Amino acid sequence: MGAMTEPAGPGRVVLITGGSRGIGLACAEMFLSRGDRVAITYKAKPPEAEGLLCLPCDVTDAEQVDEAFTEIEARLGPVEVLVANAGITRDRLTLRMSEADWGAVLDTNLSGAWRVTRRATAGMVRAHRGRIVFVSSVSATSGAPGQANYSAAKAGLIGLARSLARELASRQITVNVVAPGLVATDMLAAMSPARLSAMTGMVPLGRVADPAEVAAAVGFLSSPEAGYVTGAVLAVDGGLGMGM
Amino acid sequence: MDETAAFEKFKECAVEVLQVRPDQVTREARFAEDLDADSLDLVELVMALEESFDVTVDETELEGVETIEQAFNLISAKL
């Protein structure tokens, strides 16, 4: 127990889902810079980054999730740090949102996180250590027009994380959530300039975040030093969600 | 595999997963009261037994399993 069961320092096996760009890729680069052994999953195309084990994986498919983990276990070892980041958007006002738009976002952003976590926890429970971080969003608690599906999924991650935090606490495995606000990613680039300007105006810090700033929070929550932090939601939103 | 050999193998799994002494793993031993095993310990034990004995245990079969004997009977019925 205690320090013995904490994840070792550098050289841990880390998996980030949706790690080919944006926040996921920034996390991968952060872990690499700390000397960890890093695997990422991607759906469309792998990143052009050195030193990453890149595996194609659709997190809506439990078989593909299992195959990715099996590959990582064979090549790097059991996953000690999991960052469930894979996410998509299908933004539409609810009146125009199809069942498919709703289902696809929930299946990737919420159920996908559950699938990878379920696969990862067997090894963590056995090892009596592990770190799990879910990438949620400020919209989980504040809501956002056109994002009923996305916000619901991102809010779901908080309940999922807190249940898991309780289930796994006896093994010193921590489960936490990072809730980014506006981050300079492809997802944000899809926003209209007028809306982006209006949104940025609501951010007390007055700017969007660099993905590396979100990765830094993920880095803390997955560090050995964060061993007493579990079930927490860490906002990285420039103050946008204060009070939510 | 005869019953004695199967129980010895079962006992090895229990000792390793539950971190108890071999002499504590008697047929009458109750998981919670005698072996201090919580629900996650039991899940872990079942996973180890599935792997070790190459069997599959459905969640519903675990309802009401409270002693080593009950768990062993569940596994040995599948061998």
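This report describes the sheet of chain A, a glycine in one of its helices, and the overall build of chain B, all in a predicted model.

**Sheet of chain A**

In chain A, an open sheet is formed by 7 strands with parallel pairing, in the order β3-β2-β1-β4-β5-β6-β7. Its edge strands, β3 (53-56) and β7 (233-236) of chain A, each pair on one side only. On average, neighbouring strands of this sheet are turned by 20 degrees against each other, direction ignored.

Strands β4 (residues 81-84) and β5 (residues 130-135) of chain A run parallel and are joined by 4 bridges. Within β5(A), F134(A) stands opposite A84(A).

| Helix | Strands of chain A involved | Angle |
|---|---|---|
| α1(A), residues 22-33 | lies across β1, β2, β4, β5 and β6 | about 165 degrees to β2(A) |
| α3(A), residues 99-127 | touches β4, β5 and β6 | about 170 degrees with β4(A) |

**G159(A)**

Helix α5 (residues 148-168) of chain A contains G159(A). This residue counts as exposed because it has 12 C-beta neighbours inside 10 Å. The C-alpha atom of G159(A) is separated by 9.0 Å from that of G231(A), although the two residues are 72 residues apart along the chain.

**Chain B**

Chain B has 4 helices and 0 strands, giving the pattern α-α-α-α along the sequence. Its radius of gyration is 11 Å, close to the 12 Å given by the globule rule for 79 residues, so chain B is as compact as a globular protein of that length. Along the principal axes, the C-alpha atoms of chain B fill a box of roughly 30 × 25 × 20 Å. Of its 79 residues, 24% count as buried. Among contacts in chain B between residues at least 6 apart in sequence, 57% join residues at least 24 apart.

Methods:
Residues are numbered from 1 along each chain as its sequence is written. Chains are lettered from A and ligands numbered from 1 in the order in which they are written. This is a predicted model: local features need pLDDT of at least 70, side-chain atom pairs count only at pLDDT 80 or more; totals for chains, interfaces and linings use all residues. Helices (H or I, at least four residues) and strands (E, at least two) are DSSP runs, numbered from the N terminus. A residue is buried if 20 or more other C-beta atoms lie within 10 Å of its own, exposed if 12 or fewer, and partly exposed in between; C-beta atoms are placed from the backbone. The radius of gyration is taken over C-alpha atoms; the globule rule is 2.2 Å times the number of residues to the power 0.38. Two residues are in contact if their C-beta atoms, placed from the backbone, lie within 7 Å. Two strands pair if DSSP finds at least two bridges between them. Axes are lines fitted to C-alpha atoms, for helices over the stretch in contact, and angles run from 0 to 180 degrees between N-to-C directions.
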